[in-house]
Amino acid sequence: MKKNTNLRSLVALAVEQVLEQGQSLSNVLPAMQQKVADKDRALLQELSFGVLRTLSQLDWLVNKLMARPMTGKQRTVHYLIMVGLYQLLHTRIPPHAALAETVEGAVAIKRPQLKGLINGVLRQFQRNQEALLEEFAATESRFLHPAWLVKRIKKAYPQQWQSILDANNLRPPMWLRVNRNHHSRDEWLALLEQAGMKGFAHDAYPDAVRLETPAPVHVLPGFEEGWVTVQDASAQGCINYLMPNNGEVILDLCAAPGGKTTHILEVAPEARLMAVDIDEQRLSRVYENLKRLGMKADVKQGDGRYPSQWCGEQQFDRILLDAPCSATGVIRRHPDIKWLRRDRDIAELAQLQSEILDATWAHLKTGGTLVYATCSILPEENCEQISAFLKRTPDAALHETGSVTRPGVQNLPAADEGDGFFYAKLIKQ
């Protein structure tokens, strides 16, 4: 495949596919990264994520700087100008290089006649930067979130909404999970230090380590040997509530990409684990994770609403239901979520979650544990979902997570903490 294509134009095309075609950035990026030299892949990723993280600022600026918006086939140019603005505002790339490369991007997207326009808009921004940013700081767009989401977060967290939005706009920390079958966490932290890196142990999650500075996985001690896995701290928290044991029959539902599947097997290597997900493509990641860690599970493709189709009448001792959700707790990792989600999606997702919960509950043994988890921060998908379930399910009891009025535990995203995540532990009486 052809390398050294203009990188800025590739970022503009990636952002366009997300915003105009509703594709997720993680699906779009791999193909784009194939088109650049290996050394440029990190920059391609940083610019793509960065543009989507600060989209409302960049969009506001482009509209302010241009007499009329670019529409139709010229829309790519709008995104290319955004890429230029992002570099000038949020990176250490020298301004002359950012400008030159962005202007050249017009040739790569077959709009060479617009080089002058792109150059003019970016230079105009440089001249008026201070006044423009001051004006922007007084607009609703300054939160870098769509208005409907700001409204929901304000309503749910009247005291904390601003710190949540701020945390969503940060680059995420890199969390790892130490495989306790190979080393204790302290032993692995010592190996990390020997390799010239620094990590910090999480207070509440026994296997979690935060890297001081994110690093490529191949430099982590024993990554290929399965000593450590990349997984956010909050996602690791599920194991504190599930508490799996050897010999138990356990279901991990909505299991892809397999982080929690492998965590269960690290804690209970002799459990009989079934891992199920609706997405055939994402199941390949479950197989990859199991293979790297040398583990076995019964992996199946299936819909959580119809368990009898993939497990018959089987009953489980423990079920981890990592329910499909709005993913509003992981926006800092996937900034495209802000622009791909719609307000109306929340009610649809809550309905889907309740159907999966009801269907799965029938397959839990009496005395068994079901942990309901989401990477959402919205009450409709979390505490309100569990409240409604407890009301309509007489044999369900809440176990030490939250209160009757606000069942479950809600983690909120914070700079050096885990992502936004919700857990509720339910026992079948």
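Leu 144 is buried, with a relative accessible area of 12%. Buried here means under 20% relative accessible area, exposed means over 50%, and partly exposed lies in between, using a 1.4 Å probe and protein chains only. You will find Leu 144 in the loop between helix 7 and helix 8 (147-156). Helices are DSSP runs of H or I with at least four residues, strands are runs of E with at least two, and both are numbered from the N terminus. Phi of Leu 144 is near 60 degrees, a positive value in a residue other than glycine. Why point that out? Because most residues other than glycine have a negative phi, and most peptide bonds are trans.

A word on the model. It is predicted: local features need pLDDT of at least 70, side-chain atom pairs count only at pLDDT 80 or more, and totals for chains, interfaces and linings use all residues. Residues are numbered from 1 along each chain as its sequence is written, and side-chain values use heavy atoms, with hydrogens and water left out.

Contact means heavy atoms within 4.5 Å. Gln 57 is in helix 4 (residues 55-65). Is Gln 57 buried or exposed? Gln 57 counts as buried, at 9% relative accessibility.

Two packed helices are described by the angle between their axes and the distance between the axes. Take helix 5 (residues 75-90) and helix 7 (residues 115-136). Their axes come within 11 Å and cross at roughly 50 degrees. That makes helix 5 oblique to helix 7. The axes are lines fitted to C-alpha atoms, for helices over the stretch in contact, and angles run from 0 to 180 degrees between N-to-C directions. Under 35 degrees counts as roughly parallel, over 145 as roughly antiparallel, 65 to 115 as roughly perpendicular, and the rest as oblique.

The crossing of helix 5 and helix 7 is right-handed. In a right-handed crossing the near helix is turned clockwise from the far one by less than a right angle; anticlockwise is left-handed. Which residues meet? From helix 5, they include Val 77, Leu 80, Ile 81 and Leu 89. From helix 7, they include Ile 118, Val 121, Phe 125 and Leu 133. By class, this contact has eleven nonpolar, three polar and no charged residues. Nonpolar covers Ala, Val, Leu, Ile, Met, Phe, Trp, Tyr, Cys and Pro; charged covers Asp, Glu, Lys and Arg; the others, Gly among them, are polar.

The crossing of helix 1 and helix 3 is right-handed. Helix 1 brings residues including Leu 7, Arg 8 and Val 11, and helix 3 brings residues including Leu 43, Ser 48 and Leu 52. The contact of helix 1 with helix 3 divides into twelve nonpolar, one polar and one charged.

Leu 253 is in strand 5. Leu 253 counts as buried, at 2% relative accessibility. Not counting residues up to four places away in sequence, Leu 253 touches several residues, among them Val 276, Gly 304, Trp 310 and Ile 356. Leu 253 and Gly 304 are 51 residues apart along the chain, and their C-alpha atoms are separated by 7.0 Å.

Move on to the loop between strand 5 (249-253) and helix 13 (259-267), where Pro 257 is found. A cis peptide bond joins Ala 256 and Pro 257, with omega about 5 degrees. Look also at the loop between helix 12 (238-242) and strand 5, the place of Met 243. Phi of Met 243 is near 50 degrees, again positive in a residue other than glycine. Met 243 counts as partly exposed, at 47% relative accessibility.

Last, the whole protein. How many helices and strands does the protein have? The protein has 18 helices and twelve strands. Its radius of gyration is 23 Å, close to the 22 Å that the globule rule gives for 429 residues, so the protein is as compact as a globular protein of that length. That radius is taken over C-alpha atoms, and the rule is 2.2 Å times the number of residues to the power 0.38. Buried residues make up 55% of the 429.
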